[in-house]
Amino acid sequence: MTTISSPAAQTSIPSPLSGMVRWAGKGALALAAYLERRAAIKALRQLDDRALRDIGIVRCNIEAVVTGDPETARLR
């Protein structure tokens, strides 16, 4: 009778490269989110005051609305 054995699950040894890859991935996601916010701000700034008022935003609060700051995003 032949017994086939497999080694137990091996623990991975963290390497500096995996940390750098994870760091780069987080940085790429942060950059993409930043660029998306900037594009939204640019699009809202191109609207006239009446269109902004229709959606409940005043011009001085565009950045606060896009970034999600509840304290300054209220319509005044």
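Let's start with D49 and R59. These two form a salt bridge. Their closest N and O atoms are 2.9 Å apart. D49 sits in helix α2, which covers residues 49–54. R59 sits in the loop between α2 and α3. So the pair ties together parts that are ten residues apart in sequence. Keep in mind that this is a predicted model.

D49 has 46% relative accessibility, so it counts as partly exposed. R59 comes out at 38%, and R59 is partly exposed as well. Why that label? Buried means under 20% and exposed means over 50%, so a value in between counts as partly exposed.

How many salt bridges does the structure hold? Two. Here is the other one. E63 pairs with R45, and the closest N and O atoms are 2.6 Å apart. Look at where these residues sit. E63 is in helix α3, residues 62–67. R45 is in helix α1, residues 16–45. The pair therefore ties together parts that are 18 residues apart in sequence. Check the accessibility again. E63 has 35% and is partly exposed. R45 has 44% and is partly exposed too.

Next, the surface. Which residues make a nonpolar patch there? Find L17, M20 and V21 on the model. Together they make a patch of about 330 Å². Take V21 as our example. V21 is found in helix α1. Its relative accessible area is 55%. That is over the 50% cut-off, so V21 counts as exposed.

Let's step back to the whole chain. What is it built from? Three helices and zero strands. Read along the sequence, the pattern is α-α-α.

How much of the chain is buried? The chain has 76 residues, and 9% of them count as buried. The chain exposes about 6,700 Å². Carbon and sulfur atoms supply 61% of that area.

One last number, on contacts. Take the contacts between residues at least 6 apart in sequence. Of those, 14% join residues at least 24 apart.

To recap: two salt bridges, a nonpolar patch made by L17, M20 and V21, and three helices with zero strands. Back to the model, then.

Key:
Residues numbered from 1 in each chain as written. Predicted model: local features only at pLDDT ≥ 70, side-chain atom pairs only at ≥ 80, totals over all residues. Heavy atoms only, no water. Salt bridge = Lys/Arg side-chain N within 4 Å of Asp/Glu carboxyl O. Helix = DSSP H or I, 4+ residues; strand = E, 2+ residues; numbered from the N terminus. Buried < 20%, exposed > 50% of the residue type's maximum accessible area, 1.4 Å probe, protein only. Patch = residues over 30% accessible without salt bridge, like charges linked within 9 Å, V, L, I, M, F, W, Y side chains within 5 Å. Areas by Shrake-Rupley, 256 points an atom, 1.4 Å probe, with all protein chains shown as cover. Contact = heavy atoms within 4.5 Å.
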